[in-house]
Amino acid sequence: MSLPQQVTVLGATGSIGLSTLDVIARHPERYQVFALSGHSRVAELEALCLIHRPRFAVVADADSARALQEGLHAAGLDTRVLTGEEGLCQVAAHAEVDAVMAAIVGAAGLKPTLAAVEAGKKVLLANKEALVMSGALFIEAVRRSGATLLPIDSEHNAIFQCLPGDYGRGLQQVGVRRIMLTASGGPFRETPLEQLAAVTPEQACAHPNWSMGRKISVDSASMMNKGLELIEACWLFDARPDQVEVVIHPQSVIHSLVDYVDGSVLAQLGNPDMRTPISHALAWPQRIDSGVAPLDLFAIARLDFQAPDEQRFPCLRLARASAEAGGTAPAMLNAANEVAVAAFLDRRIRFPEIASIIDQVLNTEPVVAVESLETVLAADRQARQLATQWLSRRG
């Protein structure tokens, strides 16, 4: 019998991290937790360490590390606590690690995810921003290192399941006409446009189908999440932006589709539960029990589809334009969005102003070719600075 795979979970205290740990706990003979990270959520991370007993835990800073180390020591655990980006990169690239769940939200996940890729790990990519920001650099690192990259977003995982195994030869070569990314449309799909200026963070975070963190919930409400996924799909599947179509599907049962030149359309269906793509990627190319209930088609009864309204969802238009522009445009888009979403969650701006801030940044800063990681990080910094300046002028 083979030894259990050693798994590092980056972003363990978030919804993806917790779902990953749930799947791992169902298969102790297959998987063992090697390291967990939790940024500043010390109490939550300590509770997870007591259950999963990892070799390492990573938090943001020395104060958090001290508090966590004391708690773990008092509980009799010999888990070693590391700090910051350096600690994240260490547990992502550690020689004994087999698989890394990259689930840190936002740009903060870029370097540790790249560290896992460069170390040739099996990388379960839930941090879409890493690929959105660094695109060509990221994919080149995967090819160079021989890492296995498996998408965790339900949409990209669905596409991966619906494509032939040799899709790397090129979509046209394997008979693919287009990729169709499904989107729920979020909580404001039918809200009158004139009411969007008055919506609250609580309303934006009340997703009708999925349980997610606050930032990604707002991205879903603005459909920036789908815009980032469009950019991610282009890199994952070597697709042009015009080969990726977004389809609003309110039930979130069909997670995405692939349209072939012979008229066939393959779709992956399932209940809206992230444990399905997580278990698929963990066990790939095998299948394991995820704990997700079987899909009841009779209970669902109907499946609806509609085209997205770019007047309602301008973030989707901005993301597609960034995908077409290439270079540093997606990194700037992502950075400006992170600043704007944080401001909305802090009630400093209204919901429609998220798109306005992003638009201002993209129209102010020129797009340059991405030649190094520093180019990406410089574009990220500059976009954040511009977005922050826009906020201060407004306020």
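Biologist: What volume does the second largest pocket have?

Modeller: This is a predicted model, and in it the second largest pocket comes out at about 510 Å³. Its lining has 19 residues, and the closest to the centre are V142, L149, Y167, G168 and L236.

Biologist: Which element gives the most to the lining of that second largest pocket?

Modeller: That would be β7, with four residues. At least two residues each come from α6 (128-145), β7 (148-151) and α10 (224-236).

Biologist: And by class, what does the lining of the second largest pocket have?

Modeller: 14 nonpolar residues, three polar and two charged.

Biologist: OK, β7 again. Where does β7 stand in its sheet?

Modeller: The sheet is an open one of seven strands, ordered β4-β3-β2-β1-β5-β6-β7, with parallel pairing. β7 stands at one edge and β4 (80-83) at the other; each has a single partner strand, so one side of each is left without a neighbour in the sheet. From one strand to the next, the twist averages 20°.

Biologist: How many bridges join β6 to β7?

Modeller: Four, with β6 (residues 122-125) and β7 running parallel. One of the residue pairs is L124 with its bridge partner L150 in β7.

Biologist: Which strands does α5 lie across?

Modeller: Helix α5 (residues 110-118) lies across β1 (5-10), β5 (99-102) and β6, and its direction is at about 150° to β6.

Biologist: Then there's a lysine I was curious about, K121. Where is K121 found?

Modeller: In the loop between α5 and β6.

Biologist: Is K121 buried or exposed?

Modeller: The relative accessible area of K121 is 8%, and the cut-off for buried is under 20%, so K121 counts as buried.

Biologist: What is K121 in contact with, leaving aside its neighbours within four places in sequence?

Modeller: Quite a list: A92, A93, H94, A95, V97, D98, V100, A116, A147 and T148. Take H94 from that list: it sits 27 residues from K121 along the chain, and their C-alpha atoms are separated by 9.3 Å.

Biologist: Changing topic. How many strands are in the β9-β8-β10-β11 sheet, and how do they pair?

Modeller: Four strands, in an open sheet with mixed pairing. The edges are β9 (244-248) and β11; each has a single partner strand, so one side of each is left without a neighbour in the sheet. Here too the twist averages 20° from one strand to the next.

Biologist: How many bridges join β8 to β9?

Modeller: Five, and the two strands run parallel. M180 has E245 in β9 as its bridge partner, while T182 has V247.

Biologist: What about α7, how many of its residues are buried?

Modeller: Eight of nine, so to speak "mostly covered" for residues 154-162. The buried ones are S154, E155, H156, N157, A158, I159, F160 and C162.

Biologist: What covers the buried residues of α7?

Modeller: The cover includes β7, β8 (176-183), α10, β10 (254-260), β11 (265-269) and α11 (275-283). β7 belongs to the seven-strand sheet, while β8, β10 and β11 belong to the four-strand one. α7 packs on that four-strand sheet, touching β8, β10 and β11, and its direction makes about 40° with that of β10.

Definitions and conventions
Residues numbered from 1 in each chain as written. Predicted model: local features only at pLDDT ≥ 70, side-chain atom pairs only at ≥ 80, totals over all residues. Heavy atoms only, no water. 1 Å grid on protein atoms, 1.4 Å probe; cavity = no way out; pocket = protein on both sides within 12 Å on 5 of 7 lines; lining within 4 Å. Points joined across faces, edges and corners; volume = space filled by probe spheres on them. Nonpolar A, V, L, I, M, F, W, Y, C, P; charged D, E, K, R; others polar. Pairing = 2+ DSSP bridges. Axes fitted to C-alpha atoms, helices over the stretch in contact; angles between N-to-C directions. Contact = heavy atoms within 4.5 Å. Buried < 20%, exposed > 50% of the residue type's maximum accessible area, 1.4 Å probe, protein only.
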